[in-house]
Amino acid sequence: SDPPTTSTRASADEGTDVFLHIYDLGDFSTGINSWQLAGGGLFHVGVEVNKLEWSYGQTLESWATGVTYNPPRQHEDHTYRETVFMGRSRMSRQEVYQLVEKLKIEWPGSEYHLLRRNC
């Protein structure tokens, strides 16, 4: 479904902040990730822009996109860990929306792969 249009967003002239939200992959990886083995772990990430967090994940339906959104830092399947500020985007709200629409087509959820094509 389309993202809500009532949230407050920065104007195109101002740009918008971009954040990377990092999650432990499900409940089971929280303990594993706390060990920080070799600097790695099992993580999910989402990109926040214009007050929405976008991410990619698996779907069982071949026609469904894997690109979805949720409120920032509130993914229902993963445990929030931390946020990294990525900088500011110069894209307008409309340009971001158009890019996401393109990515929805290019990233079907049925093509998700844990190691080669993931979030």
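Biologist: Where in the chain is the place of Lys-51?

Modeller: Bear in mind that this is a predicted model, where local features need pLDDT of at least 70, side-chain atom pairs count only at pLDDT 80 or more, and totals for chains, interfaces and linings use all residues. Residues are numbered from 1 along each chain as its sequence is written, and side-chain values use heavy atoms, with hydrogens and water left out. Helices (H or I, at least four residues) and strands (E, at least two) are DSSP runs numbered from the N terminus. By that numbering, Lys-51 sits in the loop between strand 2 and strand 3.

Biologist: Is Lys-51 buried, partly exposed or exposed?

Modeller: Its backbone is worth a look too: Lys-51 has a positive phi of about 70°, though it is not a glycine. Buried means under 20% relative accessible area and exposed over 50%, with partly exposed in between (1.4 Å probe, protein chains only). Lys-51 comes out at 48%, so it counts as partly exposed.

Biologist: Which class does Arg-73 fall into, buried, partly exposed or exposed?

Modeller: Arg-73 lies in the loop between strand 4 and strand 5. Arg-73 isn't a glycine, yet its phi is positive, about 65°. Because its relative accessibility is 42%, Arg-73 counts as partly exposed.

Biologist: Stepping back, in what order do the elements run?

Modeller: There are 2 helices and 5 strands in the protein. Starting at the N terminus, the order is β-α-β-β-β-β-α.

Biologist: Which residue of strand 5 is the bridge partner of Leu-20?

Modeller: Strands pair if DSSP finds at least two bridges between them. Strand 1 (residues 16–24) and strand 5 (residues 79–89) run antiparallel and are joined by 9 bridges. Within strand 5, Leu-20 is partnered by Val-84.

Biologist: And what stands opposite His-21 in strand 2?

Modeller: Strand 1 also pairs with strand 2, over 7 bridges in the antiparallel sense. There, His-21 faces Gly-46.

Biologist: What is the volume of the largest pocket?

Modeller: On a 1 Å grid over the protein atoms alone, a pocket is an open set of points where a 1.4 Å probe fits, with protein on both sides within 12 Å along at least five of seven lines; lining residues have an atom within 4 Å of a point. Here the lining has 23 residues, with Leu-25, His-44, Tyr-56, Gly-57 and His-78 nearest the centre. A volume is the space filled by probe spheres set on the points, which are joined across faces, edges and corners. For the largest pocket, that is about 480 Å³.

Biologist: How many charged residues does the lining of the second largest pocket have?

Modeller: The second largest pocket has a volume of about 370 Å³, and the closest to its centre, of 18 lining residues, are Val-47, Trp-54, Ser-55, Val-67 and Leu-103. Ala, Val, Leu, Ile, Met, Phe, Trp, Tyr, Cys and Pro count as nonpolar, Asp, Glu, Lys and Arg as charged, and the others, Gly among them, as polar. Its lining has 14 nonpolar residues, 4 polar ones and, for charged, no residues.
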